[in-house]
Amino acid sequence: MRIEVVVSGWEQHCCGKAFTRGAPATVSIVALDPGQTAPDAPARFLEEHHGQTPADVPQWEVTGTVARITGVSYEQRRRPGPHPVFERGDAIASSAALDGVDARDTGGFGELHLLIDLDDDSALPAYVVSDESRAAAERAAREQERAAQQRTEALGRLLETIADDAVAAYSSVATIERADKGVSVTVQPLSAGGASISWSRSTTTDSDLISVKVGEGQFALDADVEHAFELREMLAAAAAGRVQEMVLRGEESTEFETVVESADGRTWSASMTYAPLRMGNGVVMMPGVIGSRIQAGDHGYDAWA
C-alpha cells in the first residue's frame with residue numbers, strides 16, 4: 001500500500017527529520033480530505049508533530065519506506081488590503097524530485113511530498129472534520145454572506161466606485177489590485193518615492209470599519225458613506241504626494257506619525273510609539289520595519305505622476 005504524506009515547510013524547518021529515498025521513515029499523520037484527491041491517486045495525509053491536531057481528529061505514527069520525495073513550491077499572492085497577508089495559490093510555482101533532504105531542510109521548497117510504501121495491513125487514521133474546523137467554516141460562510149450583503153448597500157456601491165475610479169485614474173502610474181468588487185484594494189505606485197495606499201472593509205459581525213494604510217500610517221474609518229468620501233480624498237492625497245512621515249526619537253521610545261493632507265488643507269494623522277527591547281551592553285532589539293522607519297527619518301512622498 002502506498003500513501004502520500006505532505007510535510008509543510010515550517011514543520012520541516014523547525015524540527016523535521018531527514019528523509020532519504022529508499023530508506024525507512026516514521027511519520028505522524030492526519031488524513032486529508034479524500035474528496036480533494038483523485039480516485040486513482042494514493043490516499044493523502046498531513047505530517048504534523050507540533051501538537052496542533054485537534055483532540056477529536058485521529059492521528060498516529062506509521063512506518064514505511066520512502067519511495068519518492070518531491071519538493072513543491074506554490075505561487076504566493078498578497079491579499080489586497082492594508083494588512084500584509086499572503087495566501088498560497090493553487091498553481092505550482094516549482095517542483096523537483098529529490099534523493100533526500102537533511103533534518104530541518106526542505107531542499108529550498110515550500111513543502112515536501114513523500115510517497116511512502118506501507119504494509120498492506122497497516123492501519124491509517126480516518127478523515128474527520130474537527131469541531132474547530134467546522135466552526136471556522138461556518139464563521140467564514142457567515143462573513144462571506146455579510147460581505148455579499150455589504151456590497152449591495154450604498155457604502156458597498158460607493159467603495160466599488162472608488163476602486164473603479166482608481167483604476168481609471170491611476171493604472172498608468174500604479175499597480176492596482178482589488179478583491180470583492182472594491183472592498184479590498186491595494187494601490188502601489190510605480191515610482192519608488194510614492195506613497196502606497198490600501199484599504200479593506202471588515203466583514204466580521206463585531207465591527208464595521210474601513211481599515212486604511214497610507215505610507216506607513218494605519219487609519220481606521222467608520223464604515224459609512226461620509227468616511228468613504230474621506231477615503232477618496234486620502235487616495236487623491238497619496239497620488240498628489242501630500243503625505244508626510246515624521247520620526248521623533250526620545251531616550252526611552254520613538255514616536256512615528258503619518259500625516260495625510262487633503263486638497264483643502266484638512267489632515268488625517270496616525271501615530272504609534274515604539275519602545276525597543278533593551279538587551280544590555282547598549283544592545284537593543286527592534287523589528288526591521290521600525291529600524292527602516294528610523295533610518296528614513298522625516299520625509300515626504302512624491303506624487304505618483
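Which residues touch the most other members of the largest nonpolar core? Ile197, Trp199 and Val212 do, in a core of 32 residues. A word on terms. A nonpolar core here is a set of buried Ala, Val, Leu, Ile, Met, Phe, Trp, Tyr and Cys residues joined through side-chain atoms within 4.5 Å. Buried means under 20% relative accessible area, exposed means over 50%, and partly exposed is in between, with a 1.4 Å probe and protein chains only.

Before going on, the ground rules. This is a predicted model, where local features need pLDDT of at least 70, side-chain atom pairs count only at pLDDT 80 or more, and totals for chains, interfaces and linings use all residues. Residues are numbered from 1 along each chain as its sequence is written, and side-chain values use heavy atoms, with hydrogens and water left out.

At least two residues come from each of α3, β10 (184-189), β11 (197-201), β12 (209-214), β13 (217-222), α4 and β16. Those labels are DSSP runs numbered from the N terminus: helices are H or I with at least four residues, strands are E with at least two. As background, nonpolar side chains in soluble globular proteins tend to be buried together.

Look at isoleucine 197. Contact, from here on, means heavy atoms within 4.5 Å. Leaving out residues up to four places away in sequence, isoleucine 197 touches Val185, Thr186, Val187, Val212, Lys213, Val214, Leu231, Met234, Leu235, Ala238 and Trp304.

Valine 214 is on that list. Valine 214 sits in strand β12. Its relative accessibility is 0%, so valine 214 counts as buried. Beyond four places in sequence, valine 214 contacts Ser196, Ile197, Phe219, Met234, Ala238, Val243, Glu245, Thr258 and Val260. Isoleucine 290 is 76 residues from valine 214 in sequence, and 16 Å from it in space, C-alpha to C-alpha.

Now the helices. Two packed helices are described by the angle between their axes and the distance between the axes. Axes are lines fitted to C-alpha atoms, for helices over the stretch in contact, and angles run from 0 to 180 degrees between N-to-C directions. Under 35 degrees counts as roughly parallel, over 145 as roughly antiparallel, 65 to 115 as roughly perpendicular, and the rest as oblique.

The axes of α3 (residues 154-170) and α4 (residues 225-240) come within 9 Å and cross at roughly 15 degrees. That makes α3 roughly parallel to α4. On the α3 side, the contact includes Leu155, Leu158, Leu159 and Ile162. On the α4 side, Val225, Phe229, Leu231 and Leu235 are among them. By class, this contact has 14 nonpolar, 1 polar and 2 charged residues. For the classes, Ala, Val, Leu, Ile, Met, Phe, Trp, Tyr, Cys and Pro are nonpolar, Asp, Glu, Lys and Arg are charged, and the others, Gly among them, are polar.

Next pair. Helix α2 (residues 131-152) packs with α3 at about 80 degrees, axes 4 Å apart. The two are therefore roughly perpendicular. Gln150, Arg151 and Thr152 of α2 meet Ala154, Gly156 and Arg157 of α3. That contact divides into 1 nonpolar, 3 polar and 2 charged residues.

On to single residues. Isoleucine 29 is in strand β3 (residues 24-31). At 0% relative accessibility, isoleucine 29 counts as buried. Its contacts beyond four places in sequence include Ile3, Val5, Phe45, Trp60, Val62 and Leu124.

Serine 262 is in the loop between β15 (254-261) and β16 (267-274). Is serine 262 buried or exposed? It counts as buried, because its relative accessibility is 1%. Beyond four places in sequence, serine 262 contacts Glu233, Arg242 and Trp268.

Arginine 104 is in the loop between β7 (100-101) and β8 (111-117). At 55% relative accessibility, arginine 104 counts as exposed. Arginine 104 has a positive phi of about 60 degrees, although it is not a glycine.

Last one. Arginine 2 lies in strand β1 (residues 2-8). Arginine 2 is partly exposed, at 41% relative accessible area. Arginine 2 and alanine 43 are 41 residues apart in sequence, and 7.7 Å apart C-alpha to C-alpha.
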